[in-house]
Amino acid sequence: QRRVMGQIILCKVEKCKSLFFLLFISAPEMAINALAVVANGSEEIEAICVIDTLRRALVQVDVAAVGGNKQITASRGVVLVADFLLEEVENIDYNMIVLPGGLKGAENLRDSSVLIAMLKKQRAAHRWIAAICAAPAVVLATHGLLEGHAATCYPTFAHMLPDTSQIEQRIVVHKQLITSRAPGTALEFALKLAETLMGPDVAEDVGKTMLVQTM
């Protein structure tokens with residue numbers, strides 16, 4: 001198992017399980033990074049599942065809050081503290097931007113002009129956008145960011161999608177967009193994000209350490 005320690009990675013050699021090497025990364029900007037954006041009313045399972053799983057996969061995950069306060073209250077009353085305000089990271093290029101659901105949270109994300117500008121820049125640069133539950137419809141569809149893309153979302157919001165051909169799928173990957181449906185699909189979604197950013201072997205290893213059963 002590999003662990004990030006500043007700019008040092010402890011890496012287990014595939015063919016020798018007991019042998020470890022220290023690999024020094026001279027350029028921090030080479031790290032694969034992702035931004036998880038949260039707001040008051042975000043669905044906590046969806047948010048935390050993605051953040052935790054991607055960090056296990058050694059993705060550099062920043063958590064940023066909209067609304068002017070790093071502390072947010074999620075949809076079921078869980079209090080979360082982000083790493084940054086969104087405005088503090090708006091000029092950073094991320095390999096992936098992830099949006100959790102929760103209706104009120106998605107509405108707050110939808111209404112953030114900073115976030116929408118970041119998402120449009122992400123799309124123009126052909127970098128990954130991921131969204132789950134209400135977020136694909138309430139955030140992305142509202143701002144025209146689903147045009148030309150198949151997607152899924154929570155069933156209540158299906159009518160908002162421009163293409164509903166994949167609505168019954170638990171996860172849909174189309175172009176540089178990954179969408180999913182609900183808290184019950186959050187772990188599958190998170191592992192798909194890990195696979196997308198870090199490769200199938202890393203995602204499989206993370207799933208095994210979490211005792212995820214594969215069908």
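This is a predicted model: local features need pLDDT of at least 70, side-chain atom pairs count only at pLDDT 80 or more; totals for chains, interfaces and linings use all residues.

User: In which sense do β11 and β12 run, and how many bridges join them?

Analyst: Strand β11 (residues 171-174) and strand β12 (residues 177-180) run antiparallel and are joined by 4 bridges.

User: In which sense does β12 pair with β10?

Analyst: Strand β10 (residues 128-132) pairs with β12 in the parallel sense, over 4 bridges. To see this pairing in the model, find A131, which stands opposite T179 in β12.

User: Let us return to H174. Is H174 buried, partly exposed or exposed?

Analyst: H174 belongs to strand β11. Its relative accessible area is 27%, and it is therefore partly exposed, since that value lies between the limits of 20% and 50%. Leaving aside neighbours within four places in sequence, H174 is in contact with G148, H149 and A150. H174 and H149 are 25 residues apart in sequence, yet their C-alpha atoms are 6.2 Å apart in space.

User: How does one describe two packed helices?

Analyst: Two packed helices are described by the angle between their axes and the distance between the axes. In this model, helix α1 (residues 44-56) packs with helix α6 (residues 186-198) at an angle of about 35°, and the axes are 9 Å apart. The crossing of α1 past α6 is right-handed. Among the residues that meet are I45, C49 and L54 in α1, and F189, L193 and L197 in α6.

User: Which residues of helix α3 are buried?

Analyst: In helix α3 (residues 103-110), the buried residues are G105, A106 and L109. They lie on the same side of α3, because they cover an arc of only 100° around the axis. The elements covering these buried residues include β4 (33-38), β9 (96-99), α4 (113-124) and α5 (135-141).

User: Is Q122 buried or exposed, and what is in contact with Q122?

Analyst: Q122 is found in helix α4. It is buried, because its relative accessible area of 2% is under 20%. Apart from neighbours within four places in sequence, Q122 is in contact with Y94, N95, M96, I97, R127, W128 and I129.

User: How is a pair of aromatic rings described?

Analyst: A pair of aromatic rings is described by the distance of the centres and the angle of the planes. The count for this model comes to 1 aromatic pair. That pair is formed by Y154 and F157, with 6.5 Å from centre to centre and 55° between the planes, and it is tilted.

How values were computed:
Residues are numbered from 1 along each chain as its sequence is written. Side-chain values use heavy atoms; hydrogens and water are left out. Rings of Phe, Tyr and Trp (its six-membered ring) pair if their centres lie within 6.5 Å; planes under 30 degrees apart count as stacked, over 60 as edge-to-face and the rest as tilted. Two strands pair if DSSP finds at least two bridges between them. Helices (H or I, at least four residues) and strands (E, at least two) are DSSP runs, numbered from the N terminus. Buried means under 20% relative accessible area, exposed over 50%, partly exposed in between (1.4 Å probe, protein chains only). The arc is that of the directions from the helix axis to the C-beta atoms. Contact means heavy atoms within 4.5 Å. Axes are lines fitted to C-alpha atoms, for helices over the stretch in contact, and angles run from 0 to 180 degrees between N-to-C directions. A crossing is left-handed if the near helix is turned anticlockwise from the far one by less than a right angle, and right-handed if clockwise.
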